[in-house]
Amino acid sequence: MSRLIRRARSIAARALGRGSAVVEPTASQTGSTAAAPAYRTRAIDPRFPDWTAILDTNRPLWEDARRRAATGPAVLVATMIGGYHAGSIFESMLSVALTLRGVRVHTLLCDMALPGCQRAEFTDIPDPRIIVDYKLPSVLCGGCYHAGQYCYDPLELPSHRIGSLTTDAEKQEARALAASIPFDEIPHWSYDGLPVGEHAYAGALRYYARGDLGAAPYGET
């Protein structure tokens with residue numbers, strides 16, 4: 001049994017990207033006058049493309065593509081949820097493909113700024129008080145944001161983060177507004193013509209995996 005447990009732990013560690021790393025020379029080693037070897041360790045996560053290594057196979061081609069794309073048509077790749085692994089893998093690949101074809105790609109990720117999102121599921125967060133009390137970022141978001149950074153940061157494309165696009169005042173206003181809307185009005189509530197309430201209600205239904213929130217704990221909060 002102990003051998004099975006050790007095997008399971010080993011598989012889990014590899015799946016989480018632990019224990020794998022590559023050692024690369026730093027800038028101080030690029031010339032023959034480097035006095036002493038200096039290295040940096042770059043962790044490798046086997047769940048995702050290693051874009052640094054992939055792009056290094058022809059770095060001049062990538063740098064030239066980025067320069068040409070700087071004046072091309074703009075496209076926003078709004079992955080948002082870095083922890084949605086299939087999305088991060090496919091859309092980072094799409095970002096590379098578009099850039100190579102002259103498109104000025106911008107990326108968008110949540111940087112642990114939102115109090116709730118599609119990544120939060122009842123199986124992972126069985127206590128809804130975590131969401132109600134705005135504690136989700138401290139429980140779930142670290143690994144999610146890391147996944148997004150891992151997939152997109154090596155591309156060095158124009159990137160945007162939800163946290164930098166909102167102010168503290170706007171966050172407080174949104175929280176107060178959400179608390180002021182009667183529960184029965186949420187599914188039909190809109191903001192500047194956008195069906196925000198419908199999306200919020202649909203997100204709550206998805207979290208509880210239910211068709212209504214009548215018997216859901218804290219369903220009205």
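**Salt bridges and beyond**

A: Let's start with Asp-124, which counts as partly exposed at 41% relative accessibility. Partly exposed sits between buried (under 20% relative accessible area) and exposed (over 50%), with a 1.4 Å probe and protein chains only.

Q: Which residue does Asp-124 form a salt bridge with?
A: Arg-119, with the closest N and O atoms 3.4 Å apart. Arg-119 is partly exposed as well, at 28% relative accessibility. A salt bridge here is a side-chain nitrogen of Lys or Arg within 4 Å of a carboxyl oxygen of Asp or Glu.

Q: What are the ground rules for the model and the numbering?
A: This is a predicted model, where local features need pLDDT of at least 70, side-chain atom pairs count only at pLDDT 80 or more, and totals for chains, interfaces and linings use all residues. Residues are numbered from 1 along each chain as its sequence is written, and side-chain values use heavy atoms, with hydrogens and water left out.

Q: How many salt bridges in the whole structure?
A: The search finds 11.

Q: Where does Arg-68 pair up, and with which side chain?
A: Arg-68 meets Asp-64 in a salt bridge at 3.2 Å, N to O. They are four residues apart in helix α3 (residues 59–69), so about one helical turn separates them. Arg-68 is partly exposed at 40% relative accessible area. Asp-64 is also partly exposed, at 32%.

Q: How are helices and strands assigned?
A: They are DSSP runs, numbered from the N terminus: helices are H or I with at least four residues, strands are E with at least two. The protein has 10 helices and five strands.

Q: Which side chain does Arg-66 meet in a salt bridge?
A: Glu-156, at 4.0 Å, N to O. Arg-66 lies in helix α3 and Glu-156 in the loop between α7 and β5, so the pair ties together parts 90 residues apart in sequence. Arg-66 is partly exposed at 24% relative accessible area.

Q: And Glu-156, what's its phi?
A: Near 55 degrees, a positive value in a residue other than glycine. Most residues other than glycine have a negative phi. Glu-156 is partly exposed, at 46% relative accessibility. Its loop runs between α7 (141–152) and β5 (159–161).

Q: What about Tyr-134's phi?
A: Near 60 degrees, also positive in a residue other than glycine. Tyr-134 lies in the loop between α5 (129–132) and α6 (136–139). Tyr-134 is partly exposed, with a relative accessible area of 35%.

Q: New topic. What's the volume of the largest pocket?
A: About 2,000 Å³. Pro-115, Tyr-134, Ala-174, Ala-178 and Ala-200 are the closest to its centre, out of 46 lining residues. Elements giving two or more residues to the lining are α5, α9 and α10 (196–208). The largest share, 11 residues, comes from α10.

Q: How is a pocket defined?
A: On a 1 Å grid over the protein atoms alone, a pocket is an open set of points where a 1.4 Å probe fits, with protein on both sides within 12 Å along at least five of seven lines; lining residues have an atom within 4 Å of a point. Points are joined across faces, edges and corners, and the volume is the space filled by probe spheres set on them.

Q: Is Ser-92 buried or exposed?
A: Ser-92 is buried, at 0% relative accessible area. Ser-92 is found in helix α4 (residues 85–100).

Q: Which residues does Ser-92 touch?
A: Trp-51, Gly-87, Cys-151, Tyr-152 and Leu-155, leaving out residues up to four places away in sequence. Contact means heavy atoms within 4.5 Å.

Q: Now Thr-107. Where is it found?
A: In strand β4 (residues 104–109). Thr-107 is buried, with a relative accessible area of 3%. Beyond four places in sequence, Thr-107 touches Leu-76, Val-77, Ser-95, Tyr-152, Pro-158, Ser-159 and His-160.

Q: Last one. What share of the protein's residues is buried?
A: Buried residues make up 29% of the 221. Among contacts between residues at least 6 apart in sequence, 63% join residues at least 24 apart.
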